[in-house]
Amino acid sequence: MTIDKKTLSERDICSKYITPAIISAGWDLHTQFLEEVRLTAGRIIVRGSMHTRADCSRADYVLYHKPNVPIGIIEAKDNNHTVGHGMQQALRYAEMLDLPFAFSSNGDAFLFHDRTGHSTPVENAVALNAFPTPADLWTRFCKWKNITPEVEAAIEVPYYDDGSGKSPRYYQVTAINKTVEEVARGKNRLLLVMATGTGKTYTAFQIIWRLWKSKRKKRILFLADRNILVDQTKNNDFKPFGAAMTKITNRDINKSYEIYLSLYQAVTGSEDERNIYKQFSPDFFDLIVVDECHRSSAREDSNWREILEYFSSATQIGLTATPKETRDVSNIAYFGEPIYTYSLKQGIEDGFLAPYKVIRIDFDKDLEGWRPERGKTDKYGELIEDRIYNQRDIDRKVVFDERTLLVARKITEYLEGTDPYQKTIVFCEDIEHAERMRSALVNANPSRASENRKYVMRITGDDNEGKAELDNFIDPESRYPVIATTSKLLNTGVDAQTCKLIVLDQRIQSMTEFKQIIGRGTRINEDYEKYWFAIMDFKRATELFADPAFDGDPVQIYEPPEDGSPVPPEPAEETVESADGETSAAGVAAGTNNDQTGGGSFKYYVDDVPVMIVNERIQYHGPDGSLITQSMHDYTRGRVEQEFASLDDFIRKWKSADRKRAVIDELANQGVMWEPLAEEVQRKLNKSLDPFDLICHVAFGQPPMTRAERANNVKKRNYFTKYGEQTRRVLEALLDKYADAGIEQVEDMSVLQLDPFTKVGTPLEIIQLFGGKAGYLQAVRELEEQLYADEKAGA
């Protein structure tokens, strides 16, 4: 019997036509191609305190030379589409994976696109029985990549597999393969740029593993500048190296190992002992990997640079989230242009990194400055120098007690309004400021501080008590500490997976430092419901979002009113680090501004000057990453007009949709921010509108009708008389739910588990009253038709 391909689903086309064609061409079913390969996780869309995920990108087929060497993409469509309908999608995936070959098929034939530049024409049709063989594509691939037999031997070594099913993500595969290829070709200086939270260390491990197993590199040094980074690496990603690995500690050198991990301070030091690393011969290591190389290794006169130059014959790979390029400091000048970059913006778009909201809170003294009256003294009797003090001086030269208390109060209000136990990092100007902030937060949270003294902790480089709690702070299973105040120690490298609030009370002028701080919150941890995070900005540091050098925009920027809650409405200069990563202390001892034991600058402490919150603007960042400066009303009208040519178009789309939620979600994906839009309209009209009326009113200027008014119109029509008593009770209750909460409640069957439906029966019993699920859904659709019966397209 002849099969009508037009009736087959896409998966049927794959199993009956495409997969057999691939296998017939000699591709091994188990090792040389995979189906339904998920490439991305799906962008996280934040809606108020809730979130959802956009659809993930999924390749129908990925072709492999070896399990770790992908070479081509096939995108399938059902037979109602043309052969080449999936080509643009295939090319997008091929570009993501840096692959040269893309195919599209509808089961009739293949369209083949060769990105190598070695084929004429670039695209041509291929019969099902003429699909290219593995040898054919591999030969073309090697020509495109200039892969010699020596390089081939290195890149064919498989990844480390622990049997758990964990495998590198698509961008990690690309970064690993590019690096291994370049090293195998003899390139000795390489730079990888990957956003914080995208697995730089895991990527480095797989690179080292493959080069080590292929015998291309035999003795490897992994360098970092924070002890916690070395320990995290040794105990987590690098654990499979086992007995072949050691950490250089106490300046002990044992040359019997193959993998060495070291804090760079462990092999450099004071003048009489600074050459510990020279106990190794200059050619001892043949591979050095420098983690977070944007820091001191970029400086020509740094200790790191001395080590790198001593082992200059070794291949050196720099890893960074933020390559540093200034007049005096350059990663690129040393390592060369990045061979691969995976940005924060791309990580958020792919759903591998958490998006974020921004809460901006400005104080009058920060924006307007402050000049003391003549002869004014601070609370310790010190005569305050007569000049204007602005934001640059606050908490560095002058301390306003009232401001410190306000910051602590706003942090506490946010936590109380969301989750008082969410991990929070407060970045302060210096150690003294971090201590003051710790004390203010303890006083703002007396019950929680009494419950556990570690609710708020200062974690700075000078304090062993605080540093001892760092592991507990980053441990998702450890409840305490909840709030960590710091200045520099937590701004980079620390894997704080469950950090949900980052507070910026530090003036930040360095884009490198800003990106690293933002990176403390970008990790996702689904087990602990960490999908997004908030940034509370008191020093206008988030103005750096507008810098072209920044590439990951917030989903929301909120500036609360003076007396308002810091919880957003439901929406829609370089500092010098010491070795421990902290800025120098200033007046660490509480109670006096004359104690300069911390080595910092003099500060005035003012306790009798009021500080007020100013600025009530609310701003959002749109889906294209640009700042929305219009009202939500004007912005929404613009987005809707891009989707619908007229009111009639919108009404037709709304009425024809089986589920109105689909239209709501589609508009949300196009940038309509429902919650802030509804809030803005409700403030102006004092009316609660459903999504349909919001769009009709905002985008097309129609008179708004409230949900209650629509519900009452249905009741006036005696629409329910055709139903029996029990079914009528259910539909009347659904109508009341619509008036209270909107159309989404009507379409959600879980509403049947709530009062007053439980008085009618169980959800299953209620559905049976309508003759089954199909009958119930039909009744809901008819109810929706009644709700919008007055709206007629083309009327």
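Two strands are said to pair here if DSSP finds at least two bridges between them. The model is a predicted one, and in it strand β4, residues 58-66, and strand β5, residues 69-76, are paired in the antiparallel sense over 5 bridges. Within this pair, Lys-66 is found opposite Val-69 of β5.

Both strands belong to an open sheet of 6 strands, whose order is β1-β4-β5-β6-β7-β8 and whose pairing is mixed. The edges of this sheet are formed by β1 (33-38) and β8 (123-127), each of which pairs on one side only. On average, and with direction ignored, neighbouring strands of the sheet are turned by 30° against each other. Helix α3, made of residues 134-145, lies across β4, β5, β6 (101-105) and β7 (109-114), and its course is at about 120° to β5.

A second open sheet has 7 strands in the order β11-β12-β10-β13-β14-β9-β15, and here the pairing is parallel. Because β11 (245-247) and β15 (340-342) stand at the edges with a single partner strand each, one side of each is left without a neighbour in the sheet. Neighbouring strands are turned by 15° against each other on average, direction ignored. Inside this arrangement, strand β9 (residues 189-194) pairs with strand β14 (residues 315-320) in the parallel sense over 5 bridges, and Leu-191 stands opposite Gly-318 in β14. Helix α5, residues 170-184, lies across β9, β14 and β15, running at about 175° to β9.

Which strands does β23 pair with in the parallel sense? One is strand β16 (residues 356-360), joined to β23 over 5 bridges, with Met-536 as the bridge partner of Ile-359. Another is strand β22 (residues 499-504), which pairs with β23 over 4 bridges, and there the bridge partner of Ile-502 is Ile-535. Together with helix α18 (residues 511-518), β22 and β23 make a right-handed β-α-β unit.

Note on methods. Residues are numbered from 1 along each chain as its sequence is written. This is a predicted model: local features need pLDDT of at least 70, side-chain atom pairs count only at pLDDT 80 or more; totals for chains, interfaces and linings use all residues. Side-chain values use heavy atoms; hydrogens and water are left out. Helices (H or I, at least four residues) and strands (E, at least two) are DSSP runs, numbered from the N terminus. Axes are lines fitted to C-alpha atoms, for helices over the stretch in contact, and angles run from 0 to 180 degrees between N-to-C directions. Contact means heavy atoms within 4.5 Å. A crossover is right-handed if, with the strands pointing away from the viewer, the path from the first strand over the helix to the second runs clockwise.
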